[in-house]
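Here are my notes on the model you sent over. Have it open next to you while you read, and go through the points in order.

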Amino acid sequence: MSKDYVTKRGGAYRITNNRVSLDSVVYAWMGGLSPEGIVDSYPALTLEQVHGALAFYLANQEEIDDYLRRGEAEFDELRQKLSKQLQQTKPLLYQKLMAHKQQKLTLPP
């Protein structure tokens, strides 16, 4: 008997019977979290679900990597659009945010 650990709903991959996205699990794992660490970060998941989701990812890695790249590109496009909109509609706020961002980049860790 096999279990489905990942389902695709509305164009997004989710852990079956859960609101946690496959993206969240994969990015956490790629970031160095162990399956146990992912369960600690997402208490709605069981260790079995995390292992199942990672097995799904590895079995479909090319497709999921393409899906993740498209999501990153869409996010970047939206971020740029909103940044331009903020720059045009609230230039002082935009300048303050950019100054703060630059300050964070120049501070030592």
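1. Overall shape first. The protein has a radius of gyration of 18 Å, but a compact globule of 109 residues would have one near 13 Å. (That radius is taken over C-alpha atoms, and the globule rule is 2.2 Å times the number of residues to the power 0.38.) Along the principal axes, the C-alpha trace spans about 60 × 35 × 25 Å.

2. A caveat before the details. This is a predicted model, in which local features need pLDDT of at least 70 and side-chain atom pairs count only at pLDDT 80 or more, while totals for chains, interfaces and linings use all residues. Residues are numbered from 1 along each chain as its sequence is written, and side-chain values use heavy atoms, with hydrogens and water left out.

3. Secondary structure. You'll find five helices and two strands, in the order β-β-α-α-α-α-α along the sequence. Both kinds of element are DSSP runs numbered from the N terminus: helices are H or I with at least four residues, strands are E with at least two.

4. Burial and surface. Of the 109 residues, 26% are buried; here buried means under 20% relative accessible area, exposed means over 50%, and partly exposed is in between (1.4 Å probe, protein chains only). The protein exposes about 8,200 Å², and carbon and sulfur atoms supply 55% of that. The areas come from the Shrake-Rupley method with a 1.4 Å probe, and for residues only the protein chains shown count as cover.

5. Contacts. Take the contacts between residues at least 6 apart in sequence: 45% of them join residues at least 24 apart. A contact means heavy atoms within 4.5 Å.

6. Salt bridges. How many salt bridges does the structure hold? There are three, counting a side-chain nitrogen of Lys or Arg within 4 Å of a carboxyl oxygen of Asp or Glu. One of them pairs Glu48 with Lys3 at 3.0 Å, N to O. Glu48 sits in helix 3 (residues 47-59) and Lys3 in the segment before strand 1 (6-9), so this pair ties together parts 45 residues apart in sequence. Glu48 itself is partly exposed, at 41% relative accessible area.

7. Two pairs in helix 4. Arg69 and Asp66 form a salt bridge, with their closest N and O atoms 2.5 Å apart. They are three residues apart in helix 4 (residues 61-89), so about one helical turn separates them. Arg69 is partly exposed at 49%, and Asp66 is partly exposed at 31%. Further along, Asp76 and Arg79 meet at 2.6 Å, N to O, and again the three-residue spacing in helix 4 amounts to about one helical turn. Asp76 is partly exposed at 30%, as is Arg79 at 41%.

8. Charge layout. The mean positions of the 14 positive and 13 negative charges are 13 Å apart. Lys and Arg count as positive, Asp and Glu as negative, and His and the chain ends are not counted. Each charge is placed at NZ of Lys, CZ of Arg, CG of Asp or CD of Glu.

9. One loop, two residues. Asn17 lies in the loop between strand 2 (12-15) and helix 1 (22-30). Its phi is near 60°, a positive value in a residue other than glycine, and Asn17 is exposed at 77%. Ser21 also belongs to the loop between strand 2 and helix 1. Buried or exposed for Ser21? Buried, at 12% relative accessibility. Leaving aside neighbours within four places in sequence, Ser21 is in contact with Tyr13, Arg14 and Ile15.
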